[in-house]
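Work through these exercises with the model open. Try each task before you read its solution.

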Amino acid sequence: MVEHRPLRDLVAYVVLALGIVIFAFPVYVAFIASTYDAATVVSGNLPLTPGHNLLQNYYRAVFVGGSRFMNQPVGVLLANSFVTAIGIAVGKIFISILSAFAIVYFRFPFRKTAFWIIFITLMLPVEVRIYPTYKIVADLRLLDTYAGLILPLIASATGTLLFRQFFMTVPDELLEASRIDGAGPLRFFWDTLLPLSMTTVAALFVIQFIYGWNQYLWPLLITTKDSMQTIVIGIKKMLSTTDELAEWQLAMATAVLAMLPPVAVVVFMQRLFVKGLVETEK
Amino acid sequence: MEKSVVFKGKLLPYLLLAPQLAITLIFFYWPASQAIRQSFLQEDAFGLNSEFVGLENYQALFAQPEYYTAIGTTVVFSSLVTVLSLGVALLFATQADKNLKGGAVYKTLMVWPYAVAPAVAGVLWFFIFHPTLGTLARPLRVMGVDWNPMLNGTHAMILVVMAAVWKQVAYNFLFFLAGLQAIPKSVIEAGAIDGAGPLRRFWTIIFPLLSPTTFFLLVVNIVYVFFETFGIIDAVTSGGPAGSTTTMVYKVFADGRLGGDLGGSAAQSVVLMVIVIALTAIQFRYVERKVQY
């Protein structure tokens with residue numbers, strides 16, 4: 001610190017505290033709304049302290065699924081979100097660690113071509129090719145399936161670039177040593193490279209889990225059955241009716257449930273999260 | 001950068017690459033090429049036949065006043081979100097950089113909104129600013145503002161901007177804080193010895209040294225606003241009222257699905273592809289993050 005002025009520190013505390021309160025406010029209001037009965041929420045006079053319907057609302061949302069417009073309990077949607085998010089994270093790690101291994105540790109014809117084929121996918125998010133992708137998934141009869149939810153979203157280069165970058169920092173001596181020990185490429189990968197990569201794998205998992213969990217447009221398009229929908233889609237479905245009929249207290253309980261897993265991941269695995277975020281952007 | 005020691009293997013590297021290449025070809029290259037092809041075709045009303053129409057879809061697109069409105073909306077929306085989220089994040093990051101007690105806790109409390117899905121963020125903001133139910137709509141009424149984002153296009157825009165900024169500040173904050181912490185303290189001390197006060201030091205030393213971070217974030221934020229805010233817009237306004245929050249990406253979706261105009265939608269996709277490729281190219285050209293191959 002160049003100069004230490006108590007006043008400046010005070011300003012910093014105040015600014016940060018204000019920011020934190022403003023950031024938390026929408027979530028706090030949603031939580032409050034999820035603890036009241038429908039009449040209180042619709043009245044427009046929502047108190048700022050929790051009410052008594054917390055357990056009732058969450059129970060109804062998770063196990064019964066109250067809304068006429070979303071006839072599945074949120075428990076089912078939560079399960080779908082977990083399968084999709086974990087599927088995307090694991091799938092992406094699996095295909096990208098293998099391809100990065102091939103690109104870094106082998107010399108073969110068309111190696112650079114393969115790299116560029118993968119690299120270019122960085123440039124086009126799924127949103128700009130949404131209908132043709134939909135058509136392919138429909139032709140492959142993957143609508144309303146987990147594979148349809150997962151596969152198109154793992155076609156991207158971020159993981160491959162991340163692993164490639166990490167493999168380049170692994171000392172060559174390790175490879176020479178395992179060769180002297182008579183290990184082939186797969187043995188080297190499994191016994192040496194994979195254990196060394198675990199932090200990178202975990203960081204990528206955290207980022208991809210959040211990415212997968214929060215998907216919206218893609219699941220909205222390819223799921224037609226309520227039983228295959230993810231929780232993020234479910235909230236919107238609950239509210240797509242006239243305001244008088246929407247059951248806001250259930251929708252807000254669902255919103256809180258939809259936020260919990262990814263926010264928990266960020267809060268409890270913050271180091272991995274930051275590492276993944278910074279490195280996937282390189 | 002290349003490895004000097006490698007394995008020999010004829011078939012194995014191809015097998016290792018196969019899963020990713022297969023998925024990339026099926027779910028990326030094929031659809032992307034179909035989008036380009038479709039943009040030169042016109043389908044009949046039943047989607048049974050399509051004929052090659054050259055640039056007609058593009059001509060029709062650029063003759064549509066709504067398309068220019070969508071471009072204008074996109075420009076307004078992305079500039080507001082980018083400037084506000086970068087500005088707010090920089091303010092918080094400079095405060096958090098002051099060696100305060102409990103710095104890690106602040107960081108956690110600032111960063112978590114990143115994890116909230118855009119659509120959920122939209123629903124949260126929609127709820128607190130809902131014209132009849134919203135906790136914050138009532139004070140606005142009392143102050144004499146006839147607040148109604150469901151009827152007033154400007155109000156709708158303000159609402160989606162707030163939700164989008166709320167979500168993006170966390171990301172920018174992390175990168176700004178890392179950028180600030182990477183600035184050597186000696187440079188700032190030298191400025192202080194020369195008699196520069198905190199504000200002067202910020203504008204003449206810290207801000208210029210942060211410019212690579214700022215530029216990088218600028219590009220990332222524009223891409224974020226273009227694509228990831230889709231969920232916010234769909235959840236809060238569905239592009240309305242009267243198209244006042246229909247961005248270019250939202251229009252691709254709305255025209256293709258609700259309007260059924262696949263050729264026009266594909267032409268819009270191609271225009272977006274060109275914009276994203278240009279942005280990415282700028283990013284690689286000016287932010288020295290070149291991939292060595």
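The exercises below go from whole chains to single residues.

This is a predicted model, in which local features need pLDDT of at least 70 and side-chain atom pairs count only at pLDDT 80 or more, while totals for chains, interfaces and linings use all residues. Residues are numbered from 1 along each chain as its sequence is written, and chains are lettered from A and ligands numbered from 1 in the order in which they are written.

**Exercise 1. Describe the make-up of each chain.**

Step 1. Count the elements. Helices (H or I, at least four residues) and strands (E, at least two) are DSSP runs, numbered from the N terminus. Chain A has 15 helices and 0 strands. Chain B has 12 helices and 2 strands.

Step 2. Read chain B in order. Its pattern is α-β-β-α-α-α-α-α-α-α-α-α-α-α.

Step 3. Take the spans along the principal axes. The C-alpha trace of chain A covers about 75 × 65 × 35 Å. For chain B the spans are about 75 × 75 × 30 Å.

Step 4. A compact globule of 282 residues would come near 19 Å, but chain A has 24 Å.

**Exercise 2. Find how much of each chain is buried, and how far its contacts reach along the sequence.**

Step 1. A residue is buried if 20 or more other C-beta atoms lie within 10 Å of its own, exposed if 12 or fewer, and partly exposed in between; C-beta atoms are placed from the backbone.

Step 2. Apply them. In chain A, 47% of the 282 residues count as buried. In chain B, 42% of the 293 residues do.

Step 3. Turn to contacts. Two residues are in contact if their C-beta atoms, placed from the backbone, lie within 7 Å. In chain A, take contacts between residues at least 6 apart in sequence: 72% join residues at least 24 apart. In chain B, residues 24 or more positions apart account for 68% of the contacts with a separation of 6 or more.

**Exercise 3. Describe the contact between the chains and the core.**

Step 1. Count both sides. Chain A gives 87 residues and chain B gives 80 residues.

Step 2. Find the main contributor in chain A. Helix α1 (residues 6-33) of chain A gives the most to the side that touches chain B, with 14 residues.

Step 3. Sort that side by class. Ala, Val, Leu, Ile, Met, Phe, Trp, Tyr, Cys and Pro count as nonpolar, Asp, Glu, Lys and Arg as charged, and the others, Gly among them, as polar. The side of chain A that touches chain B has 65 nonpolar, 9 polar and 13 charged residues.

Step 4. Look at the core. A nonpolar core is a set of buried Ala, Val, Leu, Ile, Met, Phe, Trp, Tyr and Cys residues joined through C-beta atoms within 7 Å. The largest one holds 163 residues, and A:I235, A:A255, B:V120, B:W125, B:F127 and B:F173 touch the most other members. Helix α7 (residues 153-181) of chain B supplies the largest share of this core, 17 residues.

Step 5. Check one member. Leaving aside neighbours within four places in sequence, A:A255 contacts A:A30, A:I235, B:V120, B:V123 and B:L124.

**Exercise 4. Work out how α11 and α15 of chain A pack.**

Step 1. Take the geometry. Axes are lines fitted to C-alpha atoms, for helices over the stretch in contact, and angles run from 0 to 180 degrees between N-to-C directions. Helix α11 (residues 198-213) of chain A meets helix α15 (residues 270-280) of chain A at about 85 degrees, with axes 8 Å apart.

Step 2. Name the arrangement. The helices α11(A) and α15(A) are therefore roughly perpendicular (angles of 65 to 115 degrees).

Step 3. Sort the contact. It has 8 nonpolar, 2 polar and 2 charged residues.

Definitions and conventions:
Angles under 35 degrees count as roughly parallel, over 145 as roughly antiparallel, 65 to 115 as roughly perpendicular and the rest as oblique. The radius of gyration is taken over C-alpha atoms; the globule rule is 2.2 Å times the number of residues to the power 0.38.
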